[in-house]
Amino acid sequence: MATVDLKDVRKVYAGGVEAVKGVSIAIPDKALCVLVGPSGCGKSTLLRMIAGLETITGGTCAFDGKVVNAIGPTERDIAMVFQNYALYPHMKVYDNMAYGLRNRGTPKDEIERRVHETAKILELSHLLERRPRELSGGQRQRVAMGRAIVRNPKVFLFDEPLSNLDAKLRGQMRVEIKNLQRSLGVTSVYVTHDQLEAMTLADILVVMNAGQVEQLGNPLDIYEKPASTFVASFIGAPPMNLLPVTDVKFSDGTVISAPAQATTLGFRPEDADVTQRSSGDGLALDATVEGVEPVGAESFLYCAAAGQRVVVRVAGRSSHELGEKLTVTARPEKLHWFDSNGKRAG
Amino acid sequence: MTPRVVFPNKILPYLLVAPQLAITLVFFYWPASQALYQSMLREDPFGLKSQFVWFDNFKKVLSDPNYINSIEVTAIFSISTAMLSMVAALILAVMADKVVRSRNLYRTLLIWPYAVAPAIAGMLWLFLFNPSIGSLAYALRWMGIAWDPLLKGDQAMVLVVMAAAWKQISYNFLFFVAGLQAIPKALIEAAAIDGARELKRFWTIVFPLLAPTTFFLLVVNTVYAFFDTFGIIHAVTGGGPGKATETLVYKVYNDGFVNLILGDSAAQSVILMVIVIALTAVQFRYVERKVHYG
Ligand SMILES: Nc1ncnc2c1ncn2[C@@H]1O[C@H](COP(=O)(O)OP(=O)(O)OP(=O)(O)O)[C@@H](O)[C@H]1O
Ligand SMILES: [Mg+2]
């Protein structure tokens with residue numbers, strides 16, 4: 001239970017690599033903040049600085065308004081779930097969970113009560129006597145969660161905790177983590193490079209790129225109003241279609257009146273439609289179907305249009321065939337505009 | 001579980017292990033069986049004829065107070081040497097693990113003593129602690145310690161233990177460094193976040209995870225202290241003063257090659273063989289149970 005305040009946090013590694021270049025994030029109490037971005041953008045580095053595992057070379061990190069830069073991981077009262085879980089291989093599940101409590105001098109009967117309580121929440125009760133190597137990947141993941149929860153820390157930190165699980169289990173755990181975090185009300189920072197995980201979990205979503213924050217805010221706001229072409233192509237799957245403005249026109253044939261400075265036009269696959277003939281206002285692109293990808297409830301059409309590849313989502317099974325000529329349309333309010341630096345325009 | 005490898009060729013596998021087997025047969029089993037045979041012979045003083053006496057040599061050896069003394073000496077010597085060299089190596093390895101800059105230089109320097117031959121290592125310590133010319137002996141006397149390993153048995157023991165341990169530290173160090181590196185860093189970090197301070201982390205995480213290495217070194221060091229320290233003892237004390245540093249191996253040599261009582265000496269080496277086999281078996285049976293391999 002704490003607020004976490006990052007002010008212009010920087011990290012320069014010993015070799016001279018600047019991994020984090022001035023990040024400021026204010027996380028309110030009980031919120032779940034998700035850091036998302038491509039590999040190598042500095043997510044883990046930032047998380048490890050919050051944990052105290054890496055020194056902060058610039059800026060400040062504060063819990064509840066108190067700067068913790070100089071405080072080591074042992075005293076920060078945080079819990080972390082590692083990507084490979086980092087369970088103690090020589091200890092039973094029970095001892096893995098009890099370890100942190102013992103180190104803090106919790107009385108024995110209370111340790112026992114809390115470990116059993118937590119084990120029950122996570123359905124681990126029947127596994128307490130096993131060692132980590134006798135568990136499945138999913139069970140190890142739960143033990144790692146349990147080890148974090150049982151301590152009731154100020155802040156939870158997660159570094160890609162679900163990336164070693166299969167898709168189905170990942171979906172389940174995602175829901176479970178969200179519920180647990182809500183019911184425990186512990187401020188959390190969660191690192192992932194899976195945009196679906198990011199969207200579904202986040203109270204605050206932070207999109208990072210090359211050591212900097214590209215955009216920060218409510219996940220749906222970011223989805224609806226991406227601040228840059230980077231965010232537009234990172235959030236949402238399949239990513240937003242981006243086209244040079246000069247190559248597109250409205251369905252009535254007039255050249256699009258783009259906002260001043262806009263050089264790139266974007267629209268999401270789910271906001272586009274395909275018709276045989278243009279109708280009404282909005283964007284209209286002549287396109288040829290190059291590929292169809294049915295995924296069950298929906299299908300993705302890959303089309304060649306304006307010298308680019310454009311993806312369109314259509315509901316259900318698609319009746320379109322390869323090589324078919326059609327028109328890709330999108331309503332004007334669903335169009336996004338970006339300037340020559342990739343920043344949002346208009 | 002790794003799957004069992006099956007070779008399609010029936011003869012080739014045996015052919016491939018044949019050189020190793022041949023070496024073991026010629027250099028281990030053959031001499032061992034010779035020792036076994038000789039331990040039941042008694043030669044006349046001129047070495048002209050020998051007589052088969054069954055276990056008489058063993059009876060004689062085991063009732064010899066000098067032999068009992070030698071067992072005690074060996075026990076003290078082996079335990080002290082193994083302990084000292086392992087503890088020192090572990091401390092050095094843990095510290096070397098923390099060094100960030102020029103760590104390879106530190107490691108290289110710490111591995112060098114292993115390349116020194118036992119007799120030379122012994123001479124080194126002999127010179128340093130020689131009562132009349134040794135510089136460290138001078139320092140000890142200056143501190144008010146009556147240092148004279150040539151007359152005082154316990155001081156002679158300290159000297160050979162130090163020399164023998166010093167020689168083995170490098171070897172142990174190498175394995176401990178490798179063992180420490182094999183411990184995932186995330187475990188240490190997780191323990192730190194779990195509120196364990198450095199010393200606590202060492203005893204609750206690092207040390208238990210090093211157990212396979214420690215166990216392996218315990219076996220190796222025991223065997224080393226039993227057998228490989230002959231050169232050091234020979235160079236430093238020659239088993240003296242009196243018989244204060246005469247270990248079992250040294251006594252085998254002394255009785256066999258100096259005093260030429262071949263039957264006794266052979267019987268002793270057979271006993272020695274049995275002791276080491278038993279020790280290793282015990283270590284594997286009881287100590288290894290407490291070891292977790294990953
Ligand atoms: N110990 C280190 N020393 C020097 N550079 C490092 C160190 N750790 C990470 N880096 C560099 O810092 C940058 C950010 O690394 P970081 O691990 O934070 O990325 P990430 O966003 O977590 O990526 P991923 O999604 O692949 O885990 C990378 O360029 C990486 O090479
Ligand atoms: Mg990472």
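Predicted model: local features only at pLDDT ≥ 70, side-chain atom pairs only at ≥ 80, totals over all residues.
Good morning. Helix 4 of chain A gives the largest share of the lining of the largest cavity, namely three residues.

The largest cavity has a volume of about 60 Å³. Its lining draws on both chains: from chain A come A:Ala79, A:Met80, A:Phe82, A:Ala144, A:Arg147, A:Ala148 and A:Arg151, and from chain B come B:Ala190, B:Ile193 and B:Asp194. In terms of secondary structure, the elements that contribute two or more residues are strand 6 (78-81) and helix 4 (137-149) of chain A, together with helix 8 of chain B. By class, this lining divides into seven nonpolar residues, three charged residues and no polar ones.

How many cavities of 30 Å³ or more does a search of the whole structure find? The search finds two. The second largest cavity has a volume of about 40 Å³. Its lining consists of B:Leu126, B:Phe129, B:Asn130, B:Pro131, B:Pro149, B:Leu150, B:Leu159, B:Val236 and B:Thr237. Here the classes are seven nonpolar, two polar and no charged residues.

The largest pocket has a volume of about 880 Å³. It is lined by 23 residues, and those closest to its centre are B:Lys98, B:Lys185, B:Ile188, B:Glu198 and B:Arg201. Four helices of chain B each give two or more residues to this lining: helix 3 (65-98), helix 7 (153-181), helix 8 (185-193) and helix 9 (198-209). Which of these elements provides the largest share of the lining? That is helix 9 of chain B, with six residues. The lining as a whole holds eleven nonpolar, three polar and nine charged residues.

The second largest pocket has a volume of about 530 Å³. Of its 22 lining residues, B:Ala35, B:Phe227, B:Val252, B:Ser269 and B:Met273 are the closest to the centre. The elements of chain B that supply two or more residues are helix 1 (12-38), helix 12 (248-258) and helix 13 (262-287). Helix 13 of chain B gives the largest share, eight residues. As to class, 17 of the lining residues are nonpolar, five are polar and none is charged.

Next, the ligand. Which residues are found around ligand 1? They are A:Tyr13, A:Ala19, A:Ser39, A:Gly40, A:Cys41, A:Gly42, A:Lys43, A:Ser44, A:Thr45, A:Glu160 and A:His193. Helix 1 of chain A, which covers residues 43-51, provides the largest share of this shell, three residues. The shell contains three nonpolar, six polar and two charged residues.

Several contacts to oxygen atoms of ligand 1 can be pointed out. A polar side-chain atom of A:Thr45 lies 2.5 Å from an oxygen atom of the ligand, and a polar side-chain atom of A:Ser44 lies 2.6 Å from one. For A:Gly42 the atom concerned is a backbone N or O, at 3.0 Å from an oxygen atom of ligand 1. Taken alone, ligand 1 exposes 640 Å², and the protein buries 60% of that.

I move on to aromatic rings. Over all chains, a search of the whole structure finds 15 aromatic pairs. One of these joins A:Phe230 and A:Phe234, which are stacked, with 5.8 Å from centre to centre and 15° between the planes. Why are these two residues separated by about one helical turn? Because A:Phe230 and A:Phe234 are four residues apart in helix 8 (residues 229-234) of chain A, about one helical turn lies between them.

Finally, two points on the backbone of chain A. As background, most residues other than glycine have a negative phi, and most peptide bonds are trans. The bond that joins A:Ala237 and A:Pro238 is a cis peptide bond, with omega at about -10°. A:Pro238 is located in the loop between helix 8 and strand 11 (241-244) of chain A. The other point concerns A:Asp8, a residue other than glycine whose phi is positive, near 50°. A:Asp8 belongs to strand 1 (residues 4-12) of chain A.

That concludes the presentation. Thank you for your attention.

Terms used. Residues numbered from 1 in each chain as written. Chains lettered and ligands numbered in written order. Heavy atoms only, no water. Near = heavy atom within 4 Å. Polar contact = N/O pair within 3.5 Å; in protein donor to acceptor, adjacent residues only side chain to side chain. Areas by Shrake-Rupley, 256 points an atom, 1.4 Å probe, with all protein chains shown as cover. Nonpolar A, V, L, I, M, F, W, Y, C, P; charged D, E, K, R; others polar. 1 Å grid on protein atoms, 1.4 Å probe; cavity = no way out; pocket = protein on both sides within 12 Å on 5 of 7 lines; lining within 4 Å. Points joined across faces, edges and corners; volume = space filled by probe spheres on them. Phe/Tyr/Trp six-rings, centres within 6.5 Å; stacked < 30°, edge-to-face > 60°.
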